[in-house]
Amino acid sequence: MQHWPFPPFFRDARPADVVTPADAIVFTTGGDTRHGVLEQFDPQAQRAVLMPPEGTAAVTLPFAAIKSIQLMPPIPLAADTDLTARYQAAGGHEVNTTSRPFTVQFIDDENLRGETKGFVKTRQGLFFYLTTDAVHCVRIFIPTTALRSYQVGGLLGQHLIQSNLVRADTVQLALTEQERRRQGPSANGEPIRSPAQLAGQITQIGSFVPVRLGDLLINQGLVSNDQMRDALTLMQRGNKHLLGNILVEMGALSRAQLTEVVAQQFSIPMVALDGFVVQPEVLRLVPKEYAVEHQVLPLLVSDKSLVVAVESPVDADYLDELRFSAQKQVVPVIANPDELAARITVEYSKVGMDRTDLSIEEELRQLSQRLTASDTSPGHPDLQRQVSDNDSLVVRLVNKTILDAQARGASDIHIEAYPEEQPTLIRLRVDGDLTEYMRIPFVLRAALLSRIKIMANLDISEHRLPQDGKIDFSRFGHTKLELRVAVLPTTNGLEDIVMRLLASSKPIPLAKLGMDGALVEQLQQMVHRSYGLILVCGPTGSGKTATLHSLLAEVNHPDTKIWTAEDPIEITHHGLRQIQMHPRIGLTFATAMRAFLRADPDVIMVGEMRDSETAHIAIEASLTGHMVMSTLHTNSAPESVIRMLDMGLDPFNFADALVGVLSQRLARRLCPDCKQPYTPDADELQQIATDYAAGTGLAPESLLAPWRSRFVPAGASDWVLYRAQGCNHCDHTGYKGRVGIYELMAASPSIKKLIQTRAPVDQLFEAATAQGMLRLLQYGLLKVLEGVTDQRSVRGACS
């Protein structure tokens with residue numbers, strides 16, 4: 001069954017064609033017993049779905065209501081001899097696949113005893129494999145919420161005595177000490193609640209802290225009790241009192257001896273790392289940051305399993321994350337802690353992999369080798385079935401594509417599927433332009449699309465309708481990144497996928513958006529008004545949302561209440577109360593606006609003025625003492641006024657409410673590492689001046705002299721502009737990043753009067769220009785003269 005793991009170094013011995021839905025016996029915490037077919041088992045959602053035998057509706061049981069689940073009938077488990085042989089050939093010790101005794105104590109004090117072929121511990125609970133004969137076992141799951149304690153492989157003290165490592169009287173002394181510690185200095189019934197309280201009792205418990213770095217330092221006289229007391233004021237001490245650590249403190253046995261016994265107790269092999277050669281492709285399955293943080297070293301990998309060395313398998317919940325990201329069963333083995341830490345440092349420094357993975361080319365080469373090795377003839381349907389959506393290489397291929405897109409500063413990833421045996425094309429939109437990223441073989445098409453659908457929680461069986469979803473990439477690639485996913489059906493029953501890499505989760509300060517100082521000051525004056533309407537307009541992808549959040553950051557103070565309605569929420573910062581729109585259930589911008597008016601707002605931000613209802617509510621809110629901000633898809637600031645009036649707004653109310661309209665575009669920024677200087681001729685300068693002066697009444701000839709004093713450095717003999725060239729830093733495009741081009745129309749009395757009379761766009765342009773507004777092209781041409789961008793990029797963005 002999906003999500004039901006098998007124990008380390010074991011495999012399902014049933015033939016694939018006889019695997020059937022599992023009959024289950026579910027014991028509930030309320031004392032009931034339920035029978036049926038286990039239709040769904042989802043540890044991440046912590047629920048199970050049981051179909052009763054009488055054909056009634058399926059029953060959903062949360063893990064909190066489950067005491068245990070037993071799957072029937074017993075199934076055969078066999079030792080994974082291939083993995084075991086590879087493990088031992090790589091230097092691992094002998095693997096013990098015999099059954100071990102176990103004892104479970106439930107939260108209601110009932111006990112379960114038997115023998116198990118290994119076990120798997122996750123955050124959600126324990127998986128046991130109760131042996132019924134030499135081959136078969138019953139699969140049992142016990143949720144964490146129902147579990148008080150468990151023991152696998154017998155008692156540790158008994159193992160130590162049998163191994164002749166300590167005497168029985170020594171173990172008894174340790175057990176007495178363990179019981180005393182469990183009672184602890186707060187045995188009076190009052191638990192320790194703060195670091196200060198803990199520091200006050202350090203003299204009572206200082207020598208009994210489980211062996212970690214602090215114990216070693218004190219025992220060796222490297223730090224004093226006072227120094228340790230100071231350190232403990234900065235942290236809280238855990239409540240675990242492990243018998244093994246107590247014995248090490250007492251000097252009864254060494255850490256190496258304890259490690260070996262723990263390995264025997266849990267039927268988990270212990271490794272001597274100096275006998276292993278870790279291959280680079282195996283090492284790359286575990287990121288360096290993860291390996292260092294959790295002290296995990298990957299040793300070897302098979303088609304289904306990843307073997308990792310850990311300090312201790314107890315409470316190793318962090319392996320769940322690795323199991324999910326690697327899409328493999330993670331098999332832990334035990335290594336000496338000191339050897340493990342040293343080996344992790346050596347291995348990861350040797351290959352210099354701070355954040356590197358296999359290249360896309362290497363991924364495809366490995367896939368091609370696997371497919372070429374198949375006896376199936378090219379073009380046969382079985383060839384495509386060799387690669388599934390959870391194939392390790394497909395998973396890493398998708399992850400690497402997303403990480404590469406982020407590293408290149410791409411805003412979108414386009415995956416375009418073509419019919420028959422044509423390759424699937426992946427393109428990235430970088431700095432506004434689409435560029436080909438790679439072509440992948442047609443046999444990967446279905447697996448690639450299914451993998452992305454799974455990551456976005458979409459229906460992988462639906463191929464006829466568009467679907468929208470979202471990927472939290474931190475669940476898959478150890479990188480904090482969100483992507484908005486759109487799946488669109490195309491001809492021949494195929495699908496395309498477009499993934500938008502959402503903007504930074506933090507707002508950019510207004511002064512760092514690349515605006516001129518005068519423009520920043522003017523916007524700051526507008527946004528600090530107590531009421532009114534501010535609009536930001538431009539096409540999709542022009543940075544409107546980033547600008548809105550920069551404006552919100554200007555007024556985001558403890559004494560201000562800010563509500564936002566967005567679709568989707570791309571940027572978050574503390575202090576904002578943000579609502580995601582869900583039109584399917586009736587939560588629209590207009591609905592949210594009406595709700596905001598009853599929620600005591602100071603500032604309201606609406607993602608977009610999409611309809612007349614939203615626009616009317618926005619005007620009502622701005623005229624009743626609230627600052628309202630929103631966006632429009634229009635080409636210029638004056639045109640936004642006409643668009644709002646076309647929605648049926650009263651021109652007098654709209655004129656009274658409007659504070660200003662900011663129109664913006666994004667032009668490609670010249671790469672600072674390779675941009676090539678040149679001296680423009682007189683005709684080019686004249687053309688720039690002519691275009692700048694068009695529609696303003698300015699004489700082009702009157703512009704060149706002030707521009708020379710502003711843009712030509714003192715002592716320079718002539719003008720210097722820049723053109724794109726191309727280098728490694730910009731992927732030989734000549735451009736790196738983008739620069740904003742802005743047009744701000746302030747709602748002055750003259751502009752308000754024109755709005756009230758429904759004046760046409762050209763009159764609004766003329767009045768706004770007369771009061772100092774720079775048009776988009778004018779602002780962009782000034783950026784050309786500053787050497788930030790070139791005419792081609794500016795004219796392309798403003799056309």
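**Close-ups of a predicted model**

**Figure 1. Val-37 stands opposite Met-51, a residue of strand E4.** This model is predicted, so keep that in mind for every view. Strand E3 (residues 33-42) and strand E4 (residues 47-51) pair up antiparallel over five bridges. Together E3 and E4 make a hairpin with four residues between them. Look for Gln-46 in the turn, where phi is positive, at about 55°. On to the next strand: E4 is also joined to strand E5 (residues 59-62) by four bridges, again antiparallel. Here, Val-49 sits opposite Thr-60 in E5.

**Figure 2. Helix H17 is largely enclosed by the rest of the structure.** Why say that? Nine of the eleven residues in H17 (residues 445-455) are buried, so the rest of the structure largely wraps it up. Among the buried ones are Leu-448, Leu-449, Ile-452 and Met-455, and you'll find Arg-445 and Lys-453 on that list too. After H17 comes Asn-457, with a positive phi near 60°.

Figure 3. Most peptide bonds are trans. Pro-568 belongs to the loop between strands E23 and E24.

**Figure 4. Asp-109 and Asp-431 have a positive phi.** Most residues other than glycine have a negative phi. For Asp-109, in the loop between E7 and E8, phi is near 75°. For Asp-431, in the loop between E17 and E18, phi is about 55°. Buried or exposed, which is Asp-431? Asp-431 is buried, at 14% relative accessible area, while Asp-109 is partly exposed, at 48%.

Definitions and conventions. Residues are numbered from 1 along each chain as its sequence is written. This is a predicted model: local features need pLDDT of at least 70, side-chain atom pairs count only at pLDDT 80 or more; totals for chains, interfaces and linings use all residues. Side-chain values use heavy atoms; hydrogens and water are left out. Buried means under 20% relative accessible area, exposed over 50%, partly exposed in between (1.4 Å probe, protein chains only). Helices (H or I, at least four residues) and strands (E, at least two) are DSSP runs, numbered from the N terminus. Two strands pair if DSSP finds at least two bridges between them.
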